[in-house]
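Subject: A structure for you to look at

Hello,

Here is the structure I promised to pass on. Please open it first, and then read my notes below with it in view.

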Amino acid sequence: MPNPLQDLTELLGSSQLRPVVKLDRLGASAVYDLQYRLFVIACSFMRHAKTELHGIRQIQSARLKLIQFTASRPWLLAHLVEWSKSRRDPQRSLLSSQRFRRAFLGDTTHDDVIAFLFANDVLRPHGSSLRSGSRDNLLSQLNDIAASSNLFEAERKVLETLTTVRITNDMLEGW
Amino acid sequence: MIRLVQIELSGKADVGAFRGELTLSPGIQIISAHNSYGKSLAVTAVAWCLGLEPMLGFPDNDATCFPEAARERIELGERSDARVLSSACSITIAHQDGRQLRLERDIKGDPTVVSIEETSADGEVRHSRLVARRETMHDEHGGLQRFLFGWLGWQRESLLTYKGTSAEIYLENVAPLFYIEQDEGWTGVQALQITRYGQQQIAEIAIEYLLGATEAIKARVARLQMATREMALRENARAIAERVTTLFLRNGWAVEWSGNGSITEILARWTRRSLRESLRKQAEVDLASQRQFLEQQAETLRKKLTSEPIDPANASAPAGASQKAIELKMRRHALSAELRALYSQQAETEILLESLSHRIHTATDLHRLKTTGIGRLDHLECPVCHRDLDPDTFGLTVQSADSVAAHIESLKRDRDLVRKNNEGSVAAASATRAELERISDELREAERALMTVTAAVGTIREQVAQTAADLGAVERSHDRLSTVIQEIEGLQGEIDRWVAAAQTVARVPIAASDLQHRRQAFLDALRKYLLALGHSAMHATNLGGLTLDEQYTPFLEGRLLRSLGSASDRARYVAAYSLALAAASNQVQGLHPGIVLLDEPLQQNPDPAHRELFLTFLEQELARQATFQTVIFTSLWDYEIAALREKGTRVISPEGRHFLNLEPPPAETPSDEGSATDAGSLDPTKPETDEGPSTV
């Protein structure tokens, strides 16, 4: 199996080239920033969580994970829609969900943010679901700021579109 | 330099004739009268007689710029609603060389014409009638502005419009710098400037014109013309380069012929080598050799077909034709696969570009959050033990604004790289498509040849058919090549013409101008006037920090002066700018007419401090000793008038309730001269009293 890194190492070793890493030109992706993730989770939760008794809002953990994952990667929306449409055809469903499954399993940042929100009592675990905690106003505040300051427009547009896409339990299974 | 000598309004109402006049002196003077006296009538009359109503936002010849009293109903004597039957106004201007000019224009009547009474320095009087607004600058004999520019000794300047056409500088372009009208005039420097005429950089040009920097204006216009021409040339270069690239790609030749960059860069590239040379150098395609080769091939085939002997034992023709068709089919198949791969690569690249664009957008939003502080997380703590919750504990990071900015930069670099790759992939797809079309054509010909050869009976006929098919194919290739050569020659002709045009642009010299010392004089004067008028941001210690940018906008220590200070500083800023320009122009022998008209400077802010500062300015030497004429229309209290007069500042406070008054019946008038000093006349030569109706 070809190993590009090995190839590059050999190429550099065989020449007079000297690799220089400029740290000032490297920047971690915004996708891993806590503030960004909080905004996306807040907007996802506020748009997709259902209101239960006493005004408590609730959403399936896996559903929130899938929704926020798609929201922060709008170019995957078309694939999710295709997956949703092919849910009755197991083979097609498997093919169209491959990209999601592969990328989704590696996204641990969402789990870390959820753990952070549990610790702050913004969200509370409730079986396989998440419920709003005593400090859930943080989520509504962030959602309002995003709307009033016109932030993360593409993400919010995806969240809006996702209200029309059917996400079944079958699609959420295994996660 | 000129000065206003008299402003007069007269007319007939159903109750009799009415009139009002204002006689002005050189230097500074304040016309103080209560509100609704009719000061605006006099101010508007100046603009009207000079044909400046477009500057006030009114259509040509539209007298509605005047208050109703001059047009419809007027309060005269006992009657509060006397009907105006006709009205007109006039202004008298004196030139410093002794000439005098009286301009009269109907308000109610025929406003299209201005009657001129021109008195020469030796007293000779000449009358004429000029058209106020139509062809006002272009009509050599009847245009009012053409006449005024000549009378003032102002030179006409040809400017460039945004459409690329020529236009002149008009009086209404320079007047906003010395005619400050009470409504909009105080909202900013040149607030009444007319931009709808479309002259480029008109605000800067108006200032330079009044400063007498006509050479600088010519240089500015030349630069603009050059920029417009360069823009057109660059546009043309891009279009030519696109056609060249399309032609090359259509033929499967990878030749870079770019129309991007500056004129000099394109010129250097395009004169280095011709299209044919580039083709030979980069794609190793020599069109002349190719044509020669095809001609030789055709000649050989013709010879073979007509005069060379045919070997009856040679049976290889069908096999050769078949082999050729098979090879072409395989080649077409390979090219189709290559094209599919390229299209798929393009589609993937499009998705990648979309994802990069989205990530840039997201990161930009995040950067905005980090730098502006909106959506900043409040202090977060554990609800049980109330200890701070550190995101690090959860394996999370809060990135700094710098880190996000670095990420944005790197994403942008990636995007540029992907875009370039995509462009390369699009070009490769184009070339492959062209090659595929060419191969498909050849395959069709080969299949036709194969059919003919297999249909022929006997080896001789087979060989003849093969040679004939080969000849046909070579001739068609020759025709195609000739067409391409013609296209290349046509494009080369366009490139040569472009190069010739670009070389003339590069050679246009721009004359040096004497702008610098005029600009400096203006800046010095502006510093003095801002300080004297009491602009709250200006102090004796920071005067050196005042600068003018390329658009003559004042900056104080790098900050826009207009945005500094209090609300009432806006009026001081506008007044200082107008007065400084007049003073500087006078100092450098510029083209400023030498009149500054300030309408209601005190109404701009009712705050007593503003009033006090302005009155203090009027008492100062700088205001009183100015060599140009400053006419200020305002309302002052009696004690203010007394204080100003005591300091030697001229204040005219008229008698009567209104500017326009009924004229006494002719029978009762002892002589014509007497009527000039009737009520309603504001003559500074008359004794002035402090008890005049100047209270507000």
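In these notes, a contact means heavy atoms within 4.5 Å. Helices (H or I, at least four residues) and strands (E, at least two) are DSSP runs, numbered from the N terminus. This is a predicted model, in which local features need pLDDT of at least 70, side-chain atom pairs count only at pLDDT 80 or more, and totals for chains, interfaces and linings use all residues. Residues are numbered from 1 along each chain as its sequence is written, chains are lettered from A and ligands numbered from 1 in the order in which they are written, and side-chain values use heavy atoms, leaving out hydrogens and water.

Let me start with confidence. The predictor gives the complex an ipTM of 0.85 and a pTM of 0.62. Its confidence in each residue is the pLDDT, from 0 to 100. Chain A averages 85, with 92% of the residues at 70 or above. For chain B the mean is 88, and 93% of the residues reach 70 or more. Do take care with residues 669-696 of chain B, where the pLDDT is below 50; this stretch still has 52 contacts in the model beyond near neighbours in sequence.

Now to chain A. Helix α2 (residues 34-48) packs against helix α3 (residues 61-71) at about 120 degrees, with the axes 9 Å apart. (Axes are lines fitted to C-alpha atoms, for helices over the stretch in contact, and angles run from 0 to 180 degrees between N-to-C directions.) The two helices are therefore oblique to each other; angles under 35 degrees count as roughly parallel, over 145 as roughly antiparallel, 65 to 115 as roughly perpendicular and the rest as oblique. On the α2(A) side, A:R37, A:V40, A:I41, A:S44, A:F45 and A:H48 meet A:L64, A:I67, A:Q68 and A:A71 of α3(A).

In chain B, helix α9 (residues 317-372) has 56 residues and reaches 81 Å from its first C-alpha to its last, close to the 82 Å expected at 1.5 Å a residue (that is, 1.5 Å times one less than its number of residues). Just after α9(B), B:G373 takes a positive phi of about 90 degrees. With helix α10 (residues 401-455), α9(B) packs at about 165 degrees, the axes being 6 Å apart, and the pair is therefore roughly antiparallel.

Finally, α12(B) (residues 515-533) and α14(B) (residues 608-619) pack at about 125 degrees, with axes 8 Å apart, and are therefore oblique. Here B:Y529, B:A532 and B:L533 meet B:L613, B:F614 and B:F617.

Best wishes

Conventions:
pLDDT = per-residue confidence, 0-100.
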